[in-house]
Amino acid sequence: MHANPIYCFHPTPERAAEFAAPAYDVFDRAGAAAYVAAHPRSFLAIDRPETGFAPDHDMYADDVYEHARTLLNERVADGTLLRDENPCYYIWRLKTAGGHTQTGLVCGVAVDDYEDGTVHRHEEVLAEKAADRIRHIRTTNAQTGPIFLAYRDNPTIDALVALTTTGEPFYDFVAEDGCRHTIWRISRDVAIGSLQLMFEQVPDAYIADGHHRCASAVAVCEERRAAARAAKTDGAAADAAGASNAGTTDVADIPTNAPGEEVAPYDRFLAVLFPASQLQIMPYDRVLTDAGGLTADEAIAAIRAAGFTVEPAEGVVDPQAHGEYGLKIEGRWYTVRLVGGRADDPAIDPVAKLDTAIAQDRILGPVFGIADPTRDSRISFVGGADAAEQADARAGQTGVALTLHATSMDQLMAVADAGRLMPPKSTWFEPKLLSGLFIRRI
């Protein structure tokens, strides 16, 4: 694969903790507005620019995206954001309050690697969700949210990365959720060359989080490539990177290629690459507003008929093995286990082995009537280390909670290697990457 050093804008070390923000898609509209109200100088004001307008303003109106562009330029003009003088790698270490640590490489990954399948996806990309990020990238002329990628462990890369983390960090701060973010900049040619060469030997990468951001960056790349081809055909001496913003005088419209580079900046997307063994997938649980007209006894009977055992439990059930589920209905918890587990059967399709697929195919769909979990208003999802407790609280006495064991990285890679897609909301990675620390002008 092609993992390249990048030019980027980044906040000054003094402002990094204040400016960095959770990813745009962890908030609903009200939550984003509340966060920006409490953190007015944070990057989320740029990432979710509708927060600068009244709650009834169309969040997809042209002036909303122009507001993002204006704010981004203002942060460059006022010195909050500075630009690298030379292309660099960055090493990003995240350490949670609980002690989990993962260390990744911030870089630009080739769009061609996504298009030829070197970068695997496991989640369906919804056009309406991607459209928002496409317009955000197109209008700001920048990639602002890093794609979270995984690769199978490579001891040589581990050793090279370890060497870079012995010096003084570029950033070192603790975010509000207690996660410590320590980042080192790699600017020496020898170190850059060694890492770049080693990643050329990595055969595959996997999108852990950021499917829509990635697809949006690829879509804008294809737009710019088409504009470049048209300009060349017409004999126009046009810069395709600025084609959609012709005539603008943005402070931050600065070339982002190294001297002599043949590829355009939009031919890469902003990513952070982590060794797969370091990643932590948390449970992603389901909550229904109601039982679809069933009593608890009727639902339990239907679940048993679908191939499960169902036994009363004392308190919240947080499953500890694949094929095990927790069910809360009418205020009581039950332990649900699949009879004749299929996780180790190599003849079974890798998607069919997933607890999320089994839950949807055997329980949520046929028992509770959730045919399309992406659009049914009766279902919601909660993820994270405390997902079971959140599901319990959200279900209350009248709703239904279904808790699941977390999907494994091996399962994720098996599905992606087979060219298949997981059911919606199959993985919840923690810790989450922050946005705003690295911004690539394209």
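Predicted model: local features only at pLDDT ≥ 70, side-chain atom pairs only at ≥ 80, totals over all residues.
User: Why is the pair of Phe-27 and Tyr-35 called tilted?

Analyst: The centres of Phe-27 and Tyr-35 are 5.3 Å apart, with 50° between the planes. The distance is within 6.5 Å, so the rings pair. Stacked needs under 30 degrees and edge-to-face over 60, so 50° counts as tilted. Both Phe-27 and Tyr-35 are buried.

User: How do you know that a charge sits over the ring of Tyr-24?

Analyst: The charged end of Arg-133 is 3.9 Å from the centre of that ring. The cut-off is 6 Å, together with a position within 35 degrees of the ring normal. Arg-133 therefore counts as sitting over Tyr-24. Lys-432 sits over the ring of Trp-428 in this way, 4.1 Å from its centre.

User: What makes strand 15 and strand 20 a pair?

Analyst: Three bridges join strand 15 (residues 284-288) to strand 20 (residues 400-404). At least two are needed, so the strands pair. Leu-288 has Val-400 as its bridge partner in strand 20. The two strands run antiparallel.

User: Why are strand 16 and strand 19 called edge strands?

Analyst: The six-stranded open sheet has the order 16-18-17-20-15-19, with antiparallel pairing. Strand 16 (308-312) and strand 19 (379-383) each pair on one side only. Neighbouring strands here are turned by 25° against each other on average, direction ignored.

Note on methods. Residues numbered from 1 in each chain as written. Heavy atoms only, no water. Phe/Tyr/Trp six-rings, centres within 6.5 Å; stacked < 30°, edge-to-face > 60°. Buried < 20%, exposed > 50% of the residue type's maximum accessible area, 1.4 Å probe, protein only. Helix = DSSP H or I, 4+ residues; strand = E, 2+ residues; numbered from the N terminus. Axes fitted to C-alpha atoms, helices over the stretch in contact; angles between N-to-C directions.
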